[in-house]
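Visitor: I have not looked at this one before. Can you walk me through a few spots in it?

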Amino acid sequence: QVQLVESGGGLVQAGGSLRLSCAASGSIFMFNAMGWHRQAPGKQRELVAAITSYGSTNYADSVKGRFTISRDNAKNTVYLQMNSLTPEDTAVYYCNFQHPSGSDWRHYWGQGTQVTVSS
């Protein structure tokens, strides 16, 4: 089992910045991926950014150039630096941890942290 603890959400004005953190604990496989998804009211949950334990990253087109994902493997912690925020970034942000399990991937989710961007 893996437990995830998120922090860093809040209210910010458009154009501002926030930094999210997510610390993983428990059965941490050496090869894994951590990332952030978000869900706005009335919309499906979507990938924002992800990073593997080797440092490969993936971003949603809507956040490229504005958000940066990074991680500290020694602390099993992933960070999401969000700059130039817009009201469209308002959502609940969920930390995700996944590792290979047989031919599939096993997923774990944080409790979510609210990000609200005012215009």
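Visitor: Which strand does Ser21 lie in?
Guide: Ser21 is part of strand β3, which covers residues 18-26. Keep in mind that this is a predicted model.

Visitor: Is Ser21 buried or exposed?
Guide: Buried. The relative accessible area of Ser21 is 17%, and the cut-off for buried is under 20%.

Visitor: What does Ser21 touch?
Guide: Leaving out residues up to four places away in sequence, Ser21 touches Val5, Glu6, Ser7, Trp36, Val78 and Tyr79.

Visitor: Next topic, disulfides. How many turn up in the whole structure?
Guide: A search of the whole structure gives 1 disulfide. The bond joins Cys22 to Cys95, with an S to S distance of 2.0 Å.

Visitor: Where do Cys22 and Cys95 lie?
Guide: Cys22 is in strand β3 and Cys95 is in strand β9, so the pair ties together parts that are 73 residues apart in sequence.

Visitor: Why is the disulfide called left-handed?
Guide: Because the torsion about the S-S bond of Cys22 and Cys95 is about -85°.

Visitor: And Cys22, buried or exposed?
Guide: Cys22 counts as buried, at 0% relative accessibility. Cys95 is buried too, with a relative accessible area of 0%.

Visitor: Let's switch to rings. How many aromatic pairs does the structure hold?
Guide: There are 3 aromatic pairs. One of them is formed by Phe97 and Tyr108, with 6.3 Å centre to centre and 55° between the planes, and this pair is tilted.

Visitor: Which strands hold Phe97 and Tyr108?
Guide: Phe97 is in strand β9 (residues 91-101) and Tyr108 is in strand β10 (residues 104-109). The two are 11 residues apart, and the pair links distant parts of the chain.

Visitor: What about Phe97, buried or exposed?
Guide: Phe97 is buried, with a relative accessible area of 1%. Tyr108 also counts as buried, at 8% relative accessibility.

Visitor: Which residues form an aromatic cluster?
Guide: Phe31, Tyr54 and Trp105 form one cluster.

Visitor: Last one. Where does the charged end of Arg45 sit?
Guide: The charged end of Arg45 sits over the ring of Tyr94, 3.7 Å from the ring centre. The charged end of Arg45 also sits over the ring of Trp109, at 4.7 Å from the centre of that ring.

Key. Residues numbered from 1 in each chain as written. Predicted model: local features only at pLDDT ≥ 70, side-chain atom pairs only at ≥ 80, totals over all residues. Heavy atoms only, no water. Helix = DSSP H or I, 4+ residues; strand = E, 2+ residues; numbered from the N terminus. Buried < 20%, exposed > 50% of the residue type's maximum accessible area, 1.4 Å probe, protein only. Contact = heavy atoms within 4.5 Å. Phe/Tyr/Trp six-rings, centres within 6.5 Å; stacked < 30°, edge-to-face > 60°. Lys NZ or Arg CZ within 6 Å of the ring centre and 35° of its normal. Disulfide = S-S within 2.5 Å.
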